[in-house]
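This briefing sets out selected features of the structure shown below.

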Amino acid sequence: MTWFRVENMKKKRNVAALGKAARRGRAARRQEAVQALADIGDGEATRMLLQLAASDDIAVWEPAQRALMDIRNEAAIPALCDALVSGNYAVTKPVLAALINMDGDRALGGLLKALEDERLAPDVLVALRGRNRAEMVQPLEDLLMSQTEKEADAAKTRLWQQAMCRDVVSLLGEVDDIGAVKALHKFLRLRPCAPARLRNLAAHALAAKGLAGEQALAGYVGEDLSDVGRVALLLECMPNDELCDILFEVMPPKSADDFGQALMACLGRMQPELWKYIVQLLERLDRDNARSALLLWFVQTKAASEDAAYMLARHGNTRPVLVKRLVDMVRFEERDIRLRAGNLLNRLYDDKLIAEEGVHLVQAKKDEAGEIADYEYIGYKD
């Protein structure tokens with residue numbers, strides 16, 4: 001009879017009858033019933049779908065969960081938000097999917113409330129991507145600070161915790177609001193022992209936020225230029241000329257030597273691709289002791305950095321010693337180092353940074369193809 005048809009129940013908004021059909025009908029009728037509930041989409045229909053989605057019968061809960069994802073009626077938001085914090089993890093995925101498809105403030109509020117549940121937080125963080133709302137900042141900051149305050153016991157838990165914190169920092173980087181700048185700055189200041197990867201990500205996010213973010217990061221680094229960890233954060237954000245300009249503007253004159261020492265410490269800790277930025281900052285400092293320390297490092301590492309060689313060659317107090325040490329490398333070291341030192345001598349001479357003296361003490365040895373294969377010392381023997 002017509003009043004038993006799903007279309008009629010939907011027209012009459014008979015939620016109880018639709019729920020009964022979804023539990024007891026044949027497969028096609030069940031699918032029609034749950035879809036009708038999703039189309040109605042008000043609070044009553046949503047609560048019925050949630051009950052069905054939590055059923056032990058796969059024939060009931062599977063179509064109900066799919067139908068939940070199709071709800072677009074904002075009248076369903078209170079019921080969906082209640083379901084998120086109810087503790088029933090079985091319906092979390094479809095509920096999140098439904099809320100993601102709604103852009104209203106109430107839907108966002110429900111998602112942010114769910115961040116308080118650690119089980120839901122990773123899924124909610126994914127759901128928040130791309131929203132760029134100022135209301136997100138405080139809940140994200142609270143989650144980041146709480147997760148980095150406690151120490152995870154198991155390695156698996158620690159990895160899960162760190163992954164979630166990285167997602168939080170990435171989201172804060174997406175939010176175009178001054179509150180996000182303050183939250184990232186607060187994290188760097190109050191969590192100096194947080195994992196280096198997470199702090200690096202926060203520094204990158206801060207530096208990418210324009211002038212306000214660059215000022216915040218420069219201020220944080222400039223508070224203690226002897227702190228190698230802070231200086232390393234600065235280097236991780238290179239190249240960024242504006243950030244460096246701000247740092248040198250706020251740097252107290254007496255801190256220059258501390259900064260130079262921290263930069264030298266970073267040379268021994270950081271990857272070679274960052275060495276050129278360290279050398280640039282050392283040259284900008286314009287301190288004799290910094291250049292002397294760089295020269296010692298250059299010799300100890302057997303001419304590992306071409307940028308360092310050029311910087312040292314541009315200064316009269318280090319140029320003669322640099323040339324002598326490069327000649328000594330050709331004279332006393334193994335082939336790879338001889339080749340590197342000899343090539344550097346010739347490049348520096350071609351670029352008019354050093355005179356011929358020193359260059360004439362070494363001679364290139366070419367292979368059958370005419371390529372330079374080695375250098376030999378031809379100067380005066382001791």
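This is a predicted model: local features need pLDDT of at least 70, side-chain atom pairs count only at pLDDT 80 or more; totals for chains, interfaces and linings use all residues.

Arg 338 is part of helix α22, which covers residues 335-350.

**Surroundings of Arg 338**

- A polar atom of the Arg 338 side chain lies 2.9 Å from the backbone oxygen of Glu 333.
- The side chain of Arg 338 also has a polar atom 3.5 Å from the backbone oxygen of Tyr 375.
- When neighbours within four places in sequence are set aside, Arg 338 is in contact with Met 329, Val 330, Glu 333, Asp 374 and Tyr 375.

**Helix α7**

- Helix α7 (residues 92-100) is mostly covered, with seven of its nine residues buried.
- The buried residues of α7 are Thr 92, Pro 94, Val 95, Leu 96, Ala 97, Ala 98 and Leu 99.
- The cover over these buried residues includes α4 (43-53), α5 (58-68), α6 (77-84), α8 (105-114) and α9 (121-128).

**Crossing of α15 and α17**

- The axes of helix α15 (residues 228-236) and helix α17 (residues 256-267) come within 9 Å and cross at roughly 70°.
- Because angles of 65 to 115 degrees count as roughly perpendicular, α15 and α17 are described as roughly perpendicular to each other.
- On the α15 side, the contact is made by Val 228, Val 231, Ala 232, Leu 234 and Leu 235.
- On the α17 side, Phe 259, Ala 262, Leu 263, Ala 265 and Cys 266 make the contact.

**Nonpolar core**

- In soluble globular proteins, nonpolar side chains tend to be buried together.
- The largest nonpolar core holds 140 residues.
- Within this core, Leu 49, Leu 128, Leu 235, Phe 259, Leu 282, Phe 298 and Leu 326 touch the most other members.
- Not counting residues up to four places away in sequence, Phe 298 touches Ala 303, Ala 304, Ser 305, Ala 308, Ala 309, Leu 312, Leu 322, Leu 326, Met 329 and Leu 344.

**Cysteines**

- The structure holds zero disulfides.
- Cys 165 is in no disulfide, and the nearest cysteine sulfur, that of Cys 193, is 15 Å away.
- Cys 165 counts as buried because its relative accessibility is 4%, where the cut-off is under 20%.
- The sulfur of Cys 266 is too far for a bond, because the closest cysteine sulfur, in Cys 237, is 12 Å away.
- Cys 266 likewise counts as buried, at 1% relative accessibility.

Notes. Residues are numbered from 1 along each chain as its sequence is written. Side-chain values use heavy atoms; hydrogens and water are left out. A nonpolar core is a set of buried Ala, Val, Leu, Ile, Met, Phe, Trp, Tyr and Cys residues joined through side-chain atoms within 4.5 Å. Buried means under 20% relative accessible area, exposed over 50%, partly exposed in between (1.4 Å probe, protein chains only). Contact means heavy atoms within 4.5 Å. A disulfide is a pair of cysteine sulfur atoms within 2.5 Å. Helices (H or I, at least four residues) and strands (E, at least two) are DSSP runs, numbered from the N terminus. A polar contact is a pair of N or O atoms within 3.5 Å; within protein, one must be able to donate a hydrogen and the other to accept it, and residues adjacent in sequence count only if both atoms are side-chain atoms. Axes are lines fitted to C-alpha atoms, for helices over the stretch in contact, and angles run from 0 to 180 degrees between N-to-C directions. Angles under 35 degrees count as roughly parallel, over 145 as roughly antiparallel, 65 to 115 as roughly perpendicular and the rest as oblique.
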